[in-house]
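Please keep the sequence and the structure in view while reading.

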Number of protein chains: 2
Amino acid sequence: MTFRAPLEDFQFVFKHLSGLPQLLALPVFAEAQFDLIDAVLEENAKFTEEVVAPTNRIGDCQPPVCQNGIVTMPVSFKQAFEHFTQGGWQGLRHPQQWGGQGLPRALATATTENLYAANVAFSLCPMLTDGVIEALLLSGTDAQKQTYIEPLVAGKWTGTMNLTESQAGSDLSMVTTRAQPQSDGTYRLFGQKIYITYGEHDLAENIIHLVLARTADAPPGVKGLSLFVVPKYLVNADGSLGQRNDVWCASLEHKLGIHSSPTAVLLFGDQKGEVGAGAIGTLVGQENRGLEYMFIMMNAARFAVGVQGIGVSEAATQKALAYARDRVQSRAIEGSAAPVAIVQHPDVQRMLSTMRALTQAARAIACAAAVADDLSVEHPDAQVRQTNKALYDYLVPVVKGFSTECSLEVSSLGVQVHGGMGFIEETGAAQFYRDARILTIYEGTTAIQSNDLVGRKTLRDGGAVALSLIAEIRHVIEQVGRTAAGAAPTQRAGFKLIAEQLSVAVDAYARAVQYVLDQAKDNIRAVYAGSVPYLMLTGYVLGGWHLARAALVCADAQGNAVDEGFARDKFATAVFYAGTILPRVQALSSAMLQGATLDDVLSRSALQQ
Amino acid sequence: MTFRAPLEDFQFVFKHLSGLPQLLALPVFAEAQFDLIDAVLEENAKFTEEVVAPTNRIGDCQPPVCQNGIVTMPVSFKQAFEHFTQGGWQGLRHPQQWGGQGLPRALATATTENLYAANVAFSLCPMLTDGVIEALLLSGTDAQKQTYIEPLVAGKWTGTMNLTESQAGSDLSMVTTRAQPQSDGTYRLFGQKIYITYGEHDLAENIIHLVLARTADAPPGVKGLSLFVVPKYLVNADGSLGQRNDVWCASLEHKLGIHSSPTAVLLFGDQKGEVGAGAIGTLVGQENRGLEYMFIMMNAARFAVGVQGIGVSEAATQKALAYARDRVQSRAIEGSAAPVAIVQHPDVQRMLSTMRALTQAARAIACAAAVADDLSVEHPDAQVRQTNKALYDYLVPVVKGFSTECSLEVSSLGVQVHGGMGFIEETGAAQFYRDARILTIYEGTTAIQSNDLVGRKTLRDGGAVALSLIAEIRHVIEQVGRTAAGAAPTQRAGFKLIAEQLSVAVDAYARAVQYVLDQAKDNIRAVYAGSVPYLMLTGYVLGGWHLARAALVCADAQGNAVDEGFARDKFATAVFYAGTILPRVQALSSAMLQGATLDDVLSRSALQQ
């Protein structure tokens, strides 16, 4: 079983759910119409299926090692990365001015999802490069842009984010890496960073590190952090590589998953380079505003990690479905002459349908968010830009938190569908289970995303975005109700179920939003005790909303030019989701509303001893 | 952080929740009073904490290998196993007649949980030996008992179950291993078995395999399976070891977890032994009744695997809690002068409380089930024996399915609490996540357990056991309601929450049971599509019931001689469980009741293509 890019679903989501047509109507995307989108998707499918996917298990079994500070990647990775740069995939969504193709971020959401699905460990390298490009475009000096962006966009050089230190994980205020200003305007950095993804490797000729550090006179806490560009090799004025800088890989971590992504401990100022003591870096923007710039990169990375969750879920689902169609075991529960493929057993159908439903729901949310991101940048109307920016900002923690939490459930079910085979490493289902486990942690844990959703994304605007989403969802429920009344008998029960369950769910969502707004002032611990449930129920509701919209489109498959088989599947997924996933919303909302009682009783227990 | 056996919780559960006092009142257990129980628990705690737990990571990092059919275990495992046999732990619950100690199975539930928590891969060996002892005691010939049971009870020899073949996993009707009768009354076996846990190792001098195979004239399907005892070494009349039998380890599997448990491919009849062609075995009971006998062993093993889930959950919870108390990161959400231990952050409390609540709920269910098992064997009154047998039979799939599914959630949260550290293998949290992943699969997947719960355990008795449990739960809800009315202000809200949520949950459970009973005849696929949700909601309700009973005991800690700190924690756990876990029951029940609509819509989708 090899990975197949879910082209049909992307095309459906783009055309009918994400709002892409509105985006393509803008003059800036005059050249990017659906035929180009389709052509790129097809080319990307070929690349990810044929070149990248075959490297996935190789990388799992032969993780790179660090010897004398040098990290050697598997040969197959080098070949795949060469294809990647030659295909221009790094530049897809970056400005044409810097050698990119200037295509919508929404399209890049699809192409990167396929990359993640094919090999998440491989694709972390381009993901981080994307983040560095974005941060430098928005905050870099002209000289930094001139020096770094073109080779990064070309995929000739790669990028990293250096935030974490052993005492500073979720809490960046504790960062201690020092930056000493030099007379020539550069800085010398000293310190140790951990968990640096692709911090060292031999896929590209240079590595551009963005590093959070502290100058001598900086205020304490996060307000004293500055951001620096520290290249592995200094860059000469003509763009050629100069001296080896004083940043070194001390070791790689031995991890549960994404084995072939080198997770480095980096030493800055270990005096092993050609530049003397201290890694030479240049300041991004102004001193003490580093976290602000890093957040640009982090936001992009958070969204991307959410998409990783969808990619891993898609790959796990495909693998499990293929196995279930192939594996013959036991007769059908309703009776059959001979044993049947296990896909016919009701519980296997439940598991596969759950996997499919969560994956497609998360994808619809992410693609719609990506279009909002594009609109927030490219739309000529400032009001539209602002509305879409607020929407995108609200959705980023949901895409990150929800899609990745779903990937834990999906990849676990993927193992379960395989039975005993799932536990054997050669099968490959276990790798998804291991790889997925980092996704809810890095680039901000689900709790960090949830706190962001509660604090900056719900409380700050008085719930405006959430309430506008609720109104839109209620509008769709009405449409579904009307459609149910006039639907064919085979669809009527399904539409009724969607309307009923989405209605119950959106009411529970509304109660949750109101609870956050009401309690934040007097009962902040109670609110934050329910922040993860709040994020998850938001994701479940939004996914149910998009799938309800999908069901409406599929009710008139012919009129909407949707393939009949695809429409039947999508409708089944929407109904299944409404019947089995949406009831979770009320359970989560109910739990959340008990925050005060629970916080009170826990505060008297011995947990904190 | 090292494992600590949860002695206080076992003592509380035994005294106040499981019904152990009723059991200890029987003459047969005249010698086993609470002081003996406590002494055994303490001795067991010392053994599992000091001898077994230190082997856990060693075994994970140095899995045994198979060379020329010989499997060499890590040295530390050999030492721990020697302690195990010397301590007489294998014989704890087996008859004194055969050298055992004849103590209650309920007590063995505690001692084995600690063993599983300390090192689940190690403890699979004794678990399987337990099953072989039980099967031979109930179905073996006198000669088989005389030959095998005493060394097995002493832990001198170990046992295995040989069911699975590559084409026969959940579906044992497809077993093809052949057994040819010989003129001396023995049989020669030929075939290949896979996934044989501790199928080969060097911890003990002999391995006693119980093997499902088919005689030449046997009817097809499961009704043609016979059970054979096949020792690795034949046993001479004086009990000494004779010739090497023709059963050989061809290879070991490379697994996601439980690395140090050797999972063998066994070849029967490979002509490498000293006995010529074919492994020599003797028939257990009668021909073609093998599955029936194997079910004895399987039922014991299923219950034991459920307890494994609890053990792994306990160990994962302890590790996460220790880390959360130690790791300082970020200020408190309500404000604090300095960063605090992360255990103070609301979401970390939510995760740890969820882990603790699920673990303790599952433990209470299992211990109560174990006492029912003891009563079903030892009680002088036939009616009491029968009632308890029915209850135990109902609970076995719940203990197996629910406890192990919970262990997936708990071990996953355990990784999450550790943040980035959780993904690093050296930390140890990831090992629980990997080890737990087999528990919902082996000895019958959760779907197999659920089908058992629906078919044999609910439909066959017209829901009698389920309905009697519902009546008991409603009785407890009344008690909780009365207690809430008179409770101290700090407890009133908690008791109210328990009463409300348990009431909603038990109603949803009742609807689910009724749905199974009503729909089984005309809509069997719809019922089985909801079988796993049915099992899970049953577990959640039963756990909530036991924790509500625990809260009642803790309301009068002094009167019930419960430590005040322990009582506060237990009460907090009960309230937390009611507020956050019990709402899942309604969501699952609601999903289950849509079975018909979902089955209909899925049957029209392309899943089965």
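## Aromatic contacts and helix packing

In this predicted model, ring pairs join Phe47(A), Phe77(A), Phe81(A), Phe84(A), Trp89(A) and Phe122(A) into a cluster. Over all chains, the count of aromatic pairs comes to 26. Phe303(A) and Tyr392(A) form a tilted aromatic pair, with 5.8 Å from centre to centre and 50° between the planes. This pair links distant parts of the chain, since Phe303(A) belongs to helix 9 (residues 290-326) of chain A and Tyr392(A) to helix 11 (residues 382-417) of chain A, 89 residues apart. Phe303(A) has a relative accessible area of 9% and therefore counts as buried, the cut-off being under 20%. Tyr392(A), with a relative accessible area of 10%, is buried by that cut-off.

Arginine side chains also lie over tyrosine faces, as listed here for chains A and B.

| Arginine | Tyrosine ring | Distance from the ring centre |
|---|---|---|
| Arg244(A) | Tyr233(A) | 5.6 Å |
| Arg244(B) | Tyr233(B) | 5.6 Å |

How do two packed helices get described? For helix 10 (residues 346-378) of chain A and helix 11 of chain A, the axes come within 8 Å and cross at roughly 160°. Because angles over 145 degrees count as roughly antiparallel, helix 10 of chain A is roughly antiparallel to helix 11 of chain A. The contact of helix 10 of chain A with helix 11 of chain A has 21 nonpolar, seven polar and four charged residues, and the crossing of these two helices is left-handed.

How values were computed
Residues are numbered from 1 along each chain as its sequence is written. Chains are lettered from A and ligands numbered from 1 in the order in which they are written. This is a predicted model: local features need pLDDT of at least 70, side-chain atom pairs count only at pLDDT 80 or more; totals for chains, interfaces and linings use all residues. Side-chain values use heavy atoms; hydrogens and water are left out. Rings of Phe, Tyr and Trp (its six-membered ring) pair if their centres lie within 6.5 Å; planes under 30 degrees apart count as stacked, over 60 as edge-to-face and the rest as tilted. Helices (H or I, at least four residues) and strands (E, at least two) are DSSP runs, numbered from the N terminus. Buried means under 20% relative accessible area, exposed over 50%, partly exposed in between (1.4 Å probe, protein chains only). A charge sits over a ring if NZ of Lys or CZ of Arg is within 6 Å of the ring centre and within 35 degrees of the ring normal. Axes are lines fitted to C-alpha atoms, for helices over the stretch in contact, and angles run from 0 to 180 degrees between N-to-C directions. Angles under 35 degrees count as roughly parallel, over 145 as roughly antiparallel, 65 to 115 as roughly perpendicular and the rest as oblique. A crossing is left-handed if the near helix is turned anticlockwise from the far one by less than a right angle, and right-handed if clockwise. Ala, Val, Leu, Ile, Met, Phe, Trp, Tyr, Cys and Pro count as nonpolar, Asp, Glu, Lys and Arg as charged, and the others, Gly among them, as polar.
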